Amino acid sequence: MSDTRRRVKVYTLNEERQWEDRGTGHVCCSEPDSLTVTGEADGSLLLESKINPDTAYQKQQDTLIVWSEAENYDLALSFQEKAGCDEIWEKICQVQGKDPSVEITQDPVDESEEERLEEPEPGHLLELPLCEPERLEELAELVTSVLPSPVRREKLALALLTSGYIRKLLLLFRASEEAGDRQGLQHLYQIVRGLLFLNKATLFEVMFADDCIMDVVGCLEYEPALLQPKRHREFLTKTARFREVIPITDSELRQKIHQTYRVQYIQDIILPTQSVFEDNFLSTLSSFIFYNKVDIVSMLQEDEKFLTEVFAQLTDESTEDTKRRELVNFFKEFCAFSQTLQPQSRDTFFKTLANLGILPALEIVMGMDDVQVKAAATDIFSYLVEFSPSMVREFVMQEPQQADDVSVCRSAAVQMFAQSRMLMWLVCVQDVLLINVVIKQMICDSDPELGGAVQLMGLLRTLIDPENMLAPASKTEKSEFLTFFYKYCMHVLTAPLLANTAEEDRDLTEGAAKVNPVCPDNFQTAQLLALILELLTFCVEHHAYHIKNYIMTRDLLRRVLTLMNSKHTFLALCALRFMRRIIGLKDEYYNRYIVKGNLIEPVINALLDNGTRYNLLNSAIIELFEFIRVEDIKSLIAHIVDNFYTALESIEYVQTFKGLKGRYEQEKERQSRGLSRYRRDARSFEDDEDMWLNEDEEEEDVPDAGLDKGKSDYGKFMESEKVKESQDKENQPKRTASGSFKFTFSHSAAAANTTNGSKPPPSTSSSRAAAPPPGQARQTGLVGLVDYPDDEDEDEEEEEEEEADEEQSPRKRPRLSS
């Protein structure tokens, strides 16, 4: 049978009460009341079982059917698919006349068990073996035999509770241990382990009481398979010491904490790993621990005096380091316990912590030098961010911070970068801003693998993610927080990136490109920059206006592309991914910025330097150019073909570059035939540009914010068109102090995809079409791109002037590195 729904494994329970695999096959109902399993490999008969109306069948975990056919002979079918298990279960229930929604068809009893475990008559209790050393083996067999049946487990639990049998067993354990009765202790191990698997909360209340739990742990030390017993009690009483960071006056709370720790130790350390058939046997034990933690959190939360004292000592400068470490670890465990609360209770819990001042306290402890304190504080901060990013953002924006102080600090940081390019500048950062403290911890992570930095980067990403800023009660949260972040925090995040690209050789067009001497060769620094680039790439994808303004005013992409020279390929790939995200937006502002800054060249150089190696870097660069070709980004295609096709035409193992050339030729042909005459309205385009470059005044205090403050009045735009056109032919572009360009777009740059009559425009047909290389680009004016019928004379004059200019200043193709 090939139906996978009927594919099963057959298990039998051996004498050691272990499940043995008898083979894999396919089950079917050969008769209306019979189950047959045929072997998958050889077609042999693995099982033939008649569905007895009196047999108790049990369905477990959606894919298991378990039953007993004779004394000490238990069978199980493990189905590959839930649908097959449901189908066979329905047939079994049909034969026995049961509802298929039940998990067990009936009470499993046979003649021998019926006498031992029959329901007691009123006034009579179920008789158990006497609690004597000679009867321990009998009791161990009894406890083990009832485990497969929920009904029999219930009966045994009732008998144990009614007779006070558990405390008698534990007294017998003490006597056996004093007498050195090794065999009796091993039987007690099996008995106590079986009692835990009975999965009854009423039994746990007795077993985990203060006067019993350590004896229970003692019984579990004598596992028969071990030559020497474990020393769990020694660990719990001597090694694991309970520390009260603040004295707990509530005795019930203290007892609950001790009990929870010990029961958790039993579950996690002492008990063996459960098999698939024991998966539900300890569910009540997990629930016992869960509700204990809920009680602990509730008791602590209600004790405001206790929590207030904890916060006071945590933020007190006179508190000793050891004491502070214990306080932070207490809060870490406290927050971990809070994860067990229901959503409404958890909300109340975190609001209580916020009202008591958990976030200001974290600002203090996260800035300390103690590694353990910072790690614990980071974990607490992660709980807060995971629970409510909005709460953290609201606190950050309400912090008392003067913008002038931040501005002075920012300038000092930039100067220190320029001089030393070391991370010690961070002492100048306004550490009272919580997010800046987090960024500082991320940048200064001492772990060679940057484990803490990765965690903090994820938290920052959550905080700046617009997807969780859409709460109806705070519609302005997105704009307000992002404005705050880019004004006060972004310069701290990008400082290591700017520091490690500060001495870039900007004249890339004069000879072969040189390897940047400051491009990080240190692996840990390269990892850090990769994390920063990952976060910036996320910003490009989700923060349209703010990150665009930041990139262009600081010429950030040029600095990032310097890292393409790194010997660490993963860092070069991160830089390339950043550029790929920008190009992927298909935003003409970004495209003009790339063309004007000649920022394709570092990517071309990396491709050529990679040579014939077929690796991830090669594939990623090819994919970038393939995207430009497929999406037909005309301005970038024209720039690539005009400037770099000679160097790329020899690459024939992919058709990408020939495809770019084909796109370019098709566009030229369409323009020359006049099939797609169109011009874009320069006023609307430049108005949009002016809006996002000048709308936000937050960058006025940044030294390297090279905004073009000399933009003309658009109301006089058409009157001054010819004057600006003549300036376009005379002036050269100027860099700001930080190296960023003043972005104004010429007719030749903006009209790369337009036509001018039947003659191809200079931006696509002449050698002057390529964007001037850095340091040699033109300082251009704003020229109208709207074609009016009465402008033909002006167009002719413009073409004549451009042709004359071409004859006087021919373009020089940049030389690429080999």
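**Reading a predicted model: contacts, confidence and one glutamate**

Tutor: In this predicted model, 70% of the protein's contacts between residues at least 6 apart in sequence join residues at least 24 apart.

Student: What makes a pair of residues count as a contact?

Tutor: Heavy atoms within 4.5 Å.

Student: Why is Glu667 called buried?

Tutor: Its relative accessible area is 9%. Buried means under 20%, so Glu667, at 9%, is buried. Of the 818 residues of the protein, 51% count as buried.

Student: Where does Glu667 sit?

Tutor: In helix H31, which covers residues 656–673.

Student: What makes the pair formed by the side chains of Glu667 and Arg670 a polar contact?

Tutor: The distance given for the two side chains is 2.6 Å. The cut-off for a pair of N or O atoms is 3.5 Å, with one able to donate a hydrogen and the other to accept it. The value of 2.6 Å is within 3.5 Å, so the pair meets the distance condition.

Student: How do you know what confidence the predictor has in the protein?

Tutor: From pLDDT, which runs from 0 to 100. The mean for the protein is 75, and 70% of its residues reach 70 or more.

Student: Which pLDDT values go with residues 695–818?

Tutor: Values below 50, although the model has 256 contacts for this stretch beyond near neighbours in sequence. Where pLDDT is low, the predicted coordinates should not be read in detail.

Key
Residues are numbered from 1 along each chain as its sequence is written. This is a predicted model: local features need pLDDT of at least 70, side-chain atom pairs count only at pLDDT 80 or more; totals for chains, interfaces and linings use all residues. Side-chain values use heavy atoms; hydrogens and water are left out. Buried means under 20% relative accessible area, exposed over 50%, partly exposed in between (1.4 Å probe, protein chains only). Helices (H or I, at least four residues) and strands (E, at least two) are DSSP runs, numbered from the N terminus.
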